[in-house]
Amino acid sequence: MATRTPVYFMSHGGPSTMFDTEHPVYSVLQNMGQEITQKVKPKAIVVFSAHWEASPNEIQVNTALMTDLIYDYYGFPPEYYDVKYPNIGSPELANKVIGLLRDAGIKAKGVSRGLDHGVYVGFSVGKQHPTPHDPAQLSKTPRHISHLTPIKAFHPEKNPLNIPIVQVSQYKSPDVDQHYRLGQAVKALREENILVIGAGMSVHNLRDYRFGFNATQPLPYVASFDNALKPAMEAPPSERQAKLAEVAKRPDAHQAHPHFDHLMPAYITAGAGGEDQGKQLWTHHDFSMGWAMYRFGELPASA
């Protein structure tokens with residue numbers, strides 16, 4: 001019987017994920033959101049996003065009560081900059097996180113910051129938008145999108161969280177053990193029904209993605225790295241850190257992740273998983289992107 005909240009690694013996708021109802025991840029994120037709100041029922045969420053790197057030796061924690069969204073992407077249609085996601089922070093929880101980090105010997109400080117798209121793309125955005133009728137805007141709309149309906153993993157009305165969200169940075173560093181230890185430092189939150197989520201991608205190569213708009217097959221490194229990550233994430237907890245360290249040394253690691261920012265949330269969640277087993281919930285391969293989702297720990301017995 002589960003006595004602590006599970007931990008989730010979520011492949012969050014890019015801004016177009018919010019509107020692309022035809023992509024397989026759309027329903028996966030919806031189902032994951034329902035699992036969290038209806039079965040896990042946490043009292044708060046602490047989330048690490050690939051899009052917030054602080055410094056090589058310091059972690060930052062958002063201590064703000066009210067935050068705006070950060071539209072940290074460029075060149076998209078106007079609708080992408082109108083999305084809303086009602087949210088509230090928790091200075092009390094943020095300070096608890098800072099305390100846990102410092103107790104683990106991690107330099108940490110509080111800052112005031114908005115939520116970046118690594119968080120709200122996968123979580124939820126509010127209002128719906130019609131298909132743009134301006135041909136100039138249609139030309140900018142990502143492929144596979146026939147109509148614009150924001151994704152609803154945690155829809156503010158249909159599947160609301162109604163709990164605080166505290167975002168924490170990762171290091172500006174490719175050190176995988178450093179990020180594993182970061183996850184270990186916050187694992188005690190799970191004993192208080194606080195959910196830890198890492199938002200990144202199991203494979204993320206934007207450099208190659210620019211050349212793949214008409215591609216029908218993923219590049220070879222997508223499957224090879226994603227497939228290698230799975231047994232390490234699912235390894236016995238006593239072996240997991242060492243096996244994950246080996247994955248990061250693979251020849252295809254820097255093809256799958258030219259910059260390790262989107263990989264680090266996987267290591268953070270693996271660390272936060274503690275003695276709980278990891279399980280891949282789903283994966284999918286696009287041209288230069290891998291979409292694996294993982295959970296560490298079991299759902300509550302009553303779920």
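Author: Happy to! Of the 303 residues of the protein chain, 58% count as buried, where buried means under 20% relative accessible area, exposed over 50% and partly exposed in between, with a 1.4 Å probe and protein chains only. This is a predicted model, in which local features need pLDDT of at least 70 and side-chain atom pairs count only at pLDDT 80 or more, while totals for chains, interfaces and linings use all residues. Residues are numbered from 1 along each chain as its sequence is written, and side-chain values use heavy atoms, with hydrogens and water left out.

The part to look at closely is the pair of helices H7 and H8. Helix H7 covers residues 220-233 and helix H8 covers residues 237-247; helices (H or I, at least four residues) and strands (E, at least two) are DSSP runs, numbered from the N terminus. The two pack at an angle of about 165°, with their axes 8 Å apart. Axes here are lines fitted to C-alpha atoms, for helices over the stretch in contact, and angles run from 0 to 180 degrees between N-to-C directions. That angle makes H7 roughly antiparallel to H8, since angles under 35 degrees count as roughly parallel, over 145 as roughly antiparallel, 65 to 115 as roughly perpendicular and the rest as oblique. From H7, the contact is made by Phe 225, Ala 228, Leu 229, Ala 232 and Met 233; H8 contributes Arg 240, Lys 243, Leu 244 and Val 247. Contact means heavy atoms within 4.5 Å.

Gly 274, with a positive phi near 55°, follows H10.

Now for the wider setting. The secondary structure of the protein chain comes to 10 helices and 10 strands. Among contacts between residues at least 6 apart in sequence, 83% join residues at least 24 apart. Glu 35 counts as buried, at 16% relative accessibility, and touches Tyr 8, Val 40, Arg 295 and Leu 299, not counting residues up to four places away in sequence.

Ile 88 sits in the loop between strand E3 (59-62) and helix H2 (91-103). Its relative accessible area is 35%, so Ile 88 is partly exposed. Ile 88 and Ile 165 are 77 residues apart in sequence and 6.2 Å apart in space, C-alpha to C-alpha. With residues up to four places away in sequence not counted, Ile 88 touches Leu 65, Met 66, Ile 163, Pro 164 and Ile 165.

Lys 41, in the loop between H1 and strand E2 (44-53), has a positive phi of about 50° although it is not a glycine. Lys 41 is exposed, with a relative accessible area of 52%. Asn 193, in the loop between helix H5 (176-186) and strand E6 (194-200), has a positive phi of about 65° and is not a glycine.
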